[in-house]
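Good morning, and thank you for coming. Please take a moment to look at the sequence and the structure before we go through them together.

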Amino acid sequence: METGVLNPDHYPARRAARVVQHYLNTRYGSPYKVFHLDTVHSATAENVTDSGRKYQVEFSVKDMISKKSVKSSAEVFFPKLDEATEKQLQELWYQQQRLQQQHTPVVTISCQEPLAIDTKAQEEAWYQQNKVNQSLVSQNLPDSHGHIEPGMEPLWHLGIVASSFIMLNQSTENTLYNMAQVANVTQLETENEQLKFEYDILLHDMVSQEIPRWRMQFTWSPTEGVRVLQMQHLPKCHNCKLPETN
């Protein structure tokens, strides 16, 4: 692996910055706030004895909804993985949670919450609407042509936020994950104050070009954010295709 100053347009720099994107979404994302990596300005990498590699990255992230962006910096530490451990990590997450905790990239970001955009009113309105109805069902967000109906966009955004937990935990120095599609989403009944969902999600590893499938159950509310309940890595789909991008 390359050390020292990295080309900000190449995979090593961008995969470290993409891990920060996933981290931000797990911390601050919502149906009305989703962070996306905009630009990597600079990056360096160094070996840390025999324990892993540390990246320093300066980057800009953009909120997908408001289109506002901000520049920030972060440190990303990738624990060292042998080939067998990395394969096991990719195959299992929920069942191997202890393994995951030992090998998840560690992110230290310089700012508390970039793009402190006030989305409380939209989130509360969407929460109240779906707390009463509890009947959301949808498939293929986006569809094969890259289209999402405006009323379904909060479900798509929520899928990105929830899948960021998977992408953060699965990321290594040999991956570059992106959310590709919500194949299915169903709102589940709940007796508490959280909205509960089951999502079937297609990810895209831009390095291997594989399309991993995951099923996850999680809850969301404006005050608690996303709380993951279950994750399951589904069998490989040989017919899955990426939707077109607009």
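Let us begin with Gly 52, which stands opposite Pro 79 in strand 4. This model is a predicted one. The two strands concerned are strand 3, residues 52-63, and strand 4, residues 69-79; they run antiparallel and are joined by 11 bridges. As a reminder, strands of a sheet pair through backbone hydrogen bonds, either parallel or antiparallel.

What is the order of the strands in this open sheet? There are 5 strands, arranged 1-2-3-4-5, and the pairing is antiparallel. Strand 1 (4-6) and strand 5 (106-109) stand at the edges; each has a single partner strand, so one side of each is left without a neighbour in the sheet. On average, neighbouring strands of this sheet are turned by 25° against each other, direction ignored.

Helix 1, residues 11-28, packs on the sheet and touches strand 1, strand 2 (35-48), strand 3, strand 4 and strand 5. The direction of helix 1 makes about 120° with that of strand 2.

I turn now to the aromatic residues. The structure holds 7 aromatic pairs. One of them is formed by Tyr 55 and Phe 78, in an edge-to-face arrangement, with 5.5 Å centre to centre and 85° between the planes. Tyr 55 belongs to strand 3 and Phe 78 to strand 4; they are 23 residues apart, and the pair links distant parts of the chain. Are these two residues buried or exposed? Both Tyr 55 and Phe 78 are buried.

Why is the pair of Trp 126 and Trp 220 edge-to-face? Their ring centres are 5.7 Å apart and their planes stand at 65°, and planes over 60 degrees apart count as edge-to-face, so the pair falls in that class. Trp 126 lies in helix 4 (residues 120-133) and Trp 220 in strand 9 (residues 213-221), so the pair ties together parts that are 94 residues apart in sequence. Trp 126 and Trp 220 are both buried. They also belong to one aromatic cluster, together with Tyr 127, Phe 197, Tyr 199 and Phe 218.

Finally, consider helix 5, residues 153-170. At 1.5 Å a residue, the 18 residues of helix 5 should span 26 Å, and the end C-alpha atoms are 25 Å apart, which agrees. Helix 5 bends by about 30° at Ser 163. Helix 5 is also mostly covered, with 17 of its 18 residues buried.

Thank you for your attention.

Terms used
Residues are numbered from 1 along each chain as its sequence is written. This is a predicted model: local features need pLDDT of at least 70, side-chain atom pairs count only at pLDDT 80 or more; totals for chains, interfaces and linings use all residues. Side-chain values use heavy atoms; hydrogens and water are left out. Two strands pair if DSSP finds at least two bridges between them. Helices (H or I, at least four residues) and strands (E, at least two) are DSSP runs, numbered from the N terminus. Axes are lines fitted to C-alpha atoms, for helices over the stretch in contact, and angles run from 0 to 180 degrees between N-to-C directions. Contact means heavy atoms within 4.5 Å. The expected span of a helix is 1.5 Å times one less than its number of residues. The bend at a residue is the angle between axes fitted to the seven residues ending there and the seven starting there. Buried means under 20% relative accessible area, exposed over 50%, partly exposed in between (1.4 Å probe, protein chains only). Rings of Phe, Tyr and Trp (its six-membered ring) pair if their centres lie within 6.5 Å; planes under 30 degrees apart count as stacked, over 60 as edge-to-face and the rest as tilted.
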